[in-house]
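Let's take a walk through this structure together. Have the sequence and the 3D view ready.

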Amino acid sequence: MNNNWQQDKYVKACKFAAQAHNGQLVPGTDLPYLVHLSLVSMEIIAAIGTDDRYDADLAMQCAWLHDTIEDTETSYDDIVENFGVAVADGVLALTKNNSLPKSEQMGDSLRRIRLQPKEVWVVKLADRITNLQPPPSKWSQEKIANYRIEALLIYEELKDANEMLADRLLAKAQEYKAFIT
Ligand code: NI
């Protein structure tokens, strides 16, 4: 059992993310964005608990902060200053490069994630597990189908990081078929 993560670091990362995402909602819902981040963090802590090889602090901090560079004013340097280079590098790999065509962004991010330690891979698995919820009503059938294909790509590329999360992602992707008519 790996309970090798520090509560004070958890509190700091949670508060930093809450501040950065203040006012944002989970897309398609009226829930604060913090709900998404807390569910990703929960998946990480549950999964890391099954595996002693991991630096649980690194994975947990990347979980809380994984959308800050992409969706808020937070910079890479802000994260280095507050959480160190390893966390900042992980968050940067988890950030899509908006200067690329949309169709290339996921493949590019997955390539960069695979150059990072497994603690970063697990955050991407946990993120997509958390996001495989009933899609927002405005999504087209094509977008929903593509979201599932992308989930299977994430599974293929990152499944070696953690068996529990990989199995969970695959199960969620199967359930998600129900939204494709
Ligand atoms: Ni996310």
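We'll begin with the metal site, then visit a helix and a loop.

First, some ground rules: this is a predicted model, where local features need pLDDT of at least 70, side-chain atom pairs count only at pLDDT 80 or more, and totals for chains, interfaces and linings use all residues. Residues are numbered from 1 along each chain as its sequence is written, and side-chain values use heavy atoms, with hydrogens and water left out.

So what holds the nickel ion? Its protein donors are His 36 (NE2), His 66 (NE2), Asp 67 (OD) and Asp 127 (OD), at 2.1 to 2.3 Å from the ion. Donors here are N, O and S atoms within 2.8 Å of the metal (3.2 Å for Na, K and Ca), and since water is not among the atoms, sites may look incomplete. Along the chain, the donors are spaced as H-x29-H-D-x59-D. Helices are DSSP runs (H or I, at least four residues), numbered from the N terminus. Both His 36 and Asp 127 are buried, meaning under 20% relative accessible area, with exposed over 50% and partly exposed in between (1.4 Å probe, protein chains only).

Now look at helix 7 (residues 102-114), whose buried residues include Met 106, Leu 110 and Ile 113. The buried residues of this helix pack against helix 6 (85-93), helix 8 (118-131) and helix 9 (141-158).

Finally, find Pro 32 in the loop between helix 1 (7-20) and helix 2. Pro 32 counts as partly exposed because its relative accessibility is 44%.

Methods
Helix = DSSP H or I, 4+ residues; strand = E, 2+ residues; numbered from the N terminus. Contact = heavy atoms within 4.5 Å.
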